[in-house]
Amino acid sequence: MSGPFDSRHPLVGLVDETSRLNGRLRGIFSASCQSIGLGESEIMVLNAVVEAERPPTVAQIGRSLGHARQLIQRAANSLCDDGLIATAPNPDHKRAALLVPTERGIALKRKADAVAESIAEEFRAGIDPEMVRQTTECLRAIRRQIEAIVRSSGTLDASEGDS
């Protein structure tokens, strides 16, 4: 980083840069949400459910994505009503159901991903795909390190990083 804030902690700079990048990416890829008729919060929850290593809860998705549980709950309810996700009993918690994708939800996500792939192709000439892969791996590693630190401090659910 180069500029007047070079002395700040690298994590502070990362927060700023990822916020800016998130805004740009959301703008560029908004057509993939529109193509399947879902709102931004609904596609965000559908992605979290379909991509999760283990079925997440609403609260886990909210914490993982930095959104209020209520926003995630509304989106999850809408997705359930549309038959795109379903709830399953949670053996670890009586009231916090697990969210699982339906075949219809997986198919719709694949459709959105296909639109996103075509949008990404438009940027192929200007952005090195290997650099993007490496950056993604680095960001995932940083996220997992942060989750491990927070989990060890007792402020995170044990399965927080799964969504």
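Start by selecting helix H2: its buried residues (buried means under 20% relative accessible area, exposed over 50%, partly exposed in between, with a 1.4 Å probe and protein chains only) pack against helix H1 (10-35), helix H3 (58-65), helix H4 (69-81), strand E1 (85-88), strand E2 (98-101) and helix H5 (103-121). Helices (H or I, at least four residues) and strands (E, at least two) are DSSP runs, numbered from the N terminus. Packing here rests on contact, meaning heavy atoms within 4.5 Å.

This is a predicted model, in which local features need pLDDT of at least 70, side-chain atom pairs count only at pLDDT 80 or more, and totals for chains, interfaces and linings use all residues. Residues are numbered from 1 along each chain as its sequence is written, and side-chain values use heavy atoms, with hydrogens and water left out.

**Helix H2, residues 40-51**

Colour the buried positions of H2: Glu-42, Ile-43, Met-44, Val-45, Leu-46, Ala-48 and Val-49. Then take the distance between the end C-alpha atoms of H2, which is 16 Å. That agrees with the 16 Å that the 12 residues should span at 1.5 Å a residue, where the expected span of a helix is 1.5 Å times one less than its number of residues.

To show the contact, select Ser-41, Glu-42, Met-44, Val-45 and Leu-46 on H2, and Leu-71, Ile-72, Ala-75, Ala-76, Ser-78 and Leu-79 on H4. By class, the residues of this contact of H2 with H4 are eight nonpolar, two polar and one charged. Ala, Val, Leu, Ile, Met, Phe, Trp, Tyr, Cys and Pro count as nonpolar, Asp, Glu, Lys and Arg as charged, and the others, Gly among them, as polar.

**Leu-65**

Next, go to Leu-65 in helix H3. Leu-65 is partly exposed, at 36% relative accessibility. Not counting residues up to four places away in sequence, Leu-65 touches Met-44 and Ala-48. A C-alpha to C-alpha distance from Leu-65 to Ala-48 gives 8.8 Å, for a sequence separation of 17 residues.

**Asn-90**

Move to the loop between E1 and E2 and pick Asn-90. Asn-90 has a relative accessible area of 13% and is buried. Display its polar contacts (pairs of N or O atoms within 3.5 Å; within protein, one must be able to donate a hydrogen and the other to accept it, and residues adjacent in sequence count only if both atoms are side-chain atoms). The side chain of Asn-90 reaches the backbone nitrogen of Asp-92 at 2.9 Å and the backbone oxygen of Ala-96 at 2.8 Å. Leaving aside neighbours within four places in sequence, the contacts of Asn-90 are Thr-57, Ala-96, Ala-97 and Leu-98.

**Helix H6 and the segment after it**

Select residues 129-152, which form helix H6. H6 has 24 residues and reaches 34 Å from its first C-alpha to its last, close to the 34 Å expected at 1.5 Å a residue. At the N-terminal end of H6, Asp-128 is the cap, with a side-chain oxygen 3.1 Å from the backbone nitrogen of Glu-130.

Along H6, stop at Ile-142. Ile-142 is partly exposed, with a relative accessible area of 28%. From Ile-142 to Cys-80 the C-alpha distance is 32 Å, across 62 residues of sequence.

Ser-153 lies in the segment after H6. A polar atom of the Ser-153 side chain is 2.6 Å from the backbone oxygen of Val-150. Just after H6, Gly-154 takes a positive phi of about 85°.

**Zoom out**

Show the whole chain in cartoon: six helices and two strands, running α-α-α-α-β-β-α-α from the N terminus on. The C-alpha atoms fill a box of roughly 50 × 40 × 25 Å, taken along the principal axes. Of the 163 residues in the chain, 25% are buried.
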